[in-house]
Structures are given as structure tokens and as C-alpha cells.
Amino acid sequence: MSTSLRTTCFSSFFIFLILLIYIIWPWFHAGYMWRQSTIEASIFFSSSLSNNETNPVPRIIHQTYRDIHSIPLKWQKASNSCRTLHSDYKYYFWTDEQGRLLIEKEFPCLLSTFDSYPYDIQRADVIRLVALYVHGGIYLDLDIVCLTSLDRLLKYEFILPKTKPVGLSNDVIISKPKHPFLFKILHELSKFNQNYFTKYPTVMFSTGPMFLTKQASSYVNRSSLDILSSELYGKYSTNSSYALFRHLKASSWHGNDASIIKLIYRWRYMVLAAVTVVLMMIFILIYFIQQYNFTIKITYHIYLAIWLTFNSSTLKEPTLIHNKYVRISL
């Protein structure tokens, strides 16, 4: 039984490891591909403002929320900061109802997927993509404060910001109308409409940042996608004078699972060390169990041999007596 137990443990461990790599590796590989940004602060501030007519991205700001009358006050102030800095831009606000009507008109094939999402944030993620594909412009989450004009970004055809720990974010998206990348991801939504047990991974991998990162990594013309640097994005830079945005980091859609996942990430090295120690202890325990049972087996055979030697003259059928002993083995 010792060989069987060891084989089972090692087989289970390697099967688990292979499944873990199979599931996680494609996503982290996709995130790793976007570790370099193409729009740095030096490039942004040294570039000149181009003529409005030659910009591929129109002067439109898009924002979404379930209902325009229930937006928190601090988000209203954040939104007003962007509208004030871009007073010559059109402003499109999409409620859930208006967004659904837009999808029904432009992408009726998406309605069944859109309606099947269990979380409102998934529908909000889809609305921003459809609105940008149809109209083009700049999408901004409501918890983003604009610190400077975004006019210099209008000359790029498609922009996503680099986020942490890996990948791209979808709280700021800039796109020209009818961009082929948006067309691609809109048609991939139904394929990725999966439930990943809890809210946070379900949103992230079905419509959120990791979904967008995966789609960008598999896009044929990846070089046409520009990446906004962390310094300009401003979400993870402390007191950056180059930041285009200030993030209130509302994360209103996050559930309890998100807090647990973030806690694990924050203490990731300690968690990894703890898991390693536990695995080592399990294998050491298995080893000592095997050695203990091996010792008992050897002791038994020695004892049996000695006993039979001294009692062989009185035994007519030693094999029968031998069979009365309980053998312990692993």
C-alpha cells in the first residue's frame, strides 16, 4: 500500500499542477505581453495638438450608470471635472436601459448574452464597448477625475491603459468608430460568458479587464493598439505630475470575494511560502508513515523467523500458524 499511496499523492499533485497551469497560464501570459506601454509621458507632452478634422477619434465622452438620478455626489464631481476640461466635446451618458436599446439596434445578436449576465457591471462593460464601436470617442468610468485635456490622445486609433498586477484596464478606453478590434471582442462575448463561481473572477474573465487583455493578446494586428503608461494613467502613481487622471477607486461592483483575492495578492509571498511549507509537511508525513510501516513489517518478519526457529519442532503445520498473524503493510 505504500507504493500505492505515494503514487496517488504524486499523481494528484501533478494533475492539479497541470490543470492550474492550463487554466491560469494563458491569462497571465496575455497580461505579460502588455508589460510595455507605447504612450509615455515624454511622448504625450512633447506631441503637438493636431487638427480636429484629421483625428481618427471624435470629440465624444461616454459614461455609463444604471440611472442618471442615482449617481453618488463624488462621482458627479468627477464627471463634471472631465466635462469642464472638455467643454467642446459631446457628452453621451448611457443608462442600462439606453444601452440595451443601443445594443438591440446595432448588435441584436448580443441581446441574449447581454440579458443573461448575472451582474449589472457585466452589462455596463458591454455597453461601453458597443457605444465606442458605434460612435467612437473616450470612455471614462464615473470615478475618474480628469486633470488635463485629453486632446493629444485623439490622434491614436485605439488606447487602453496598462494596469497592475498584469494586463490592461477597461475604465479608460479611447477608440475611433468601427474599430476592428472592438468588432472582434463584441463577437467573442458569448464564448466567454462563463460563471467562475464567484462575482469577481466571473466579471474579470467574461467582460472585464482580463477578458479585454486576452482579446488584445490574440488580436492579429496588436501593433495597432496603443497602451497608456502607468505614469499617465495615474492609478498607481503617487503624486505623479504627469498623471492625466486621478482615480477615486470606488470599485463599487466588487464583492467580498474581491477583498479576499486582493488580500491574498497583497500577502502573495507569504501565502506562497505557507503553501510550500504545507506541501513539504505532507510529503514528509507520507515519507515517515512509509518508513514506520516498513519498520513494522521488517520487525514482524524478524520476530516470525525467530519464533518459528525456536518452535519449529512443536509445529506440524507452521504455515497454518503463520497465517494467523496479522500482516501490516502500506
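**View 1. β5 and β7 side by side in the predicted model.** Strand β5, residues 158-161, pairs with β7 in the parallel sense, and three bridges hold the count for this pairing. To find your bearings, look for Ile 159: its bridge partner in β7 is Asp 226.

**View 2. The whole open sheet, strand by strand.** Six strands line up in the order β2-β1-β3-β6-β5-β7, and the pairing is mixed. Which strands stand at the edges? They are β2 (90-94) and β7 (226-228); each has a single partner strand, so one side of each is left without a neighbour in the sheet. On average, and ignoring direction, neighbouring strands here are turned by 20 degrees against each other.

**View 3. Helix α6 packed on the sheet.**

**View 4. The one disulfide, Cys 82 to Cys 146.** The two sulfur atoms sit 2.0 Å apart. With 95 degrees about the S-S bond, this link is right-handed. The pair ties together distant parts of the chain, 64 residues apart: Cys 82 belongs to helix α3 (residues 73-85), and Cys 146 to strand β4 (residues 144-146).

View 5. Cys 109 is exposed, because its relative accessible area of 53% is over the 50% cut-off.

Methods: Residues are numbered from 1 along each chain as its sequence is written. This is a predicted model: local features need pLDDT of at least 70, side-chain atom pairs count only at pLDDT 80 or more; totals for chains, interfaces and linings use all residues. Side-chain values use heavy atoms; hydrogens and water are left out. Two strands pair if DSSP finds at least two bridges between them. Helices (H or I, at least four residues) and strands (E, at least two) are DSSP runs, numbered from the N terminus. Axes are lines fitted to C-alpha atoms, for helices over the stretch in contact, and angles run from 0 to 180 degrees between N-to-C directions. Contact means heavy atoms within 4.5 Å. A disulfide is a pair of cysteine sulfur atoms within 2.5 Å. Buried means under 20% relative accessible area, exposed over 50%, partly exposed in between (1.4 Å probe, protein chains only).
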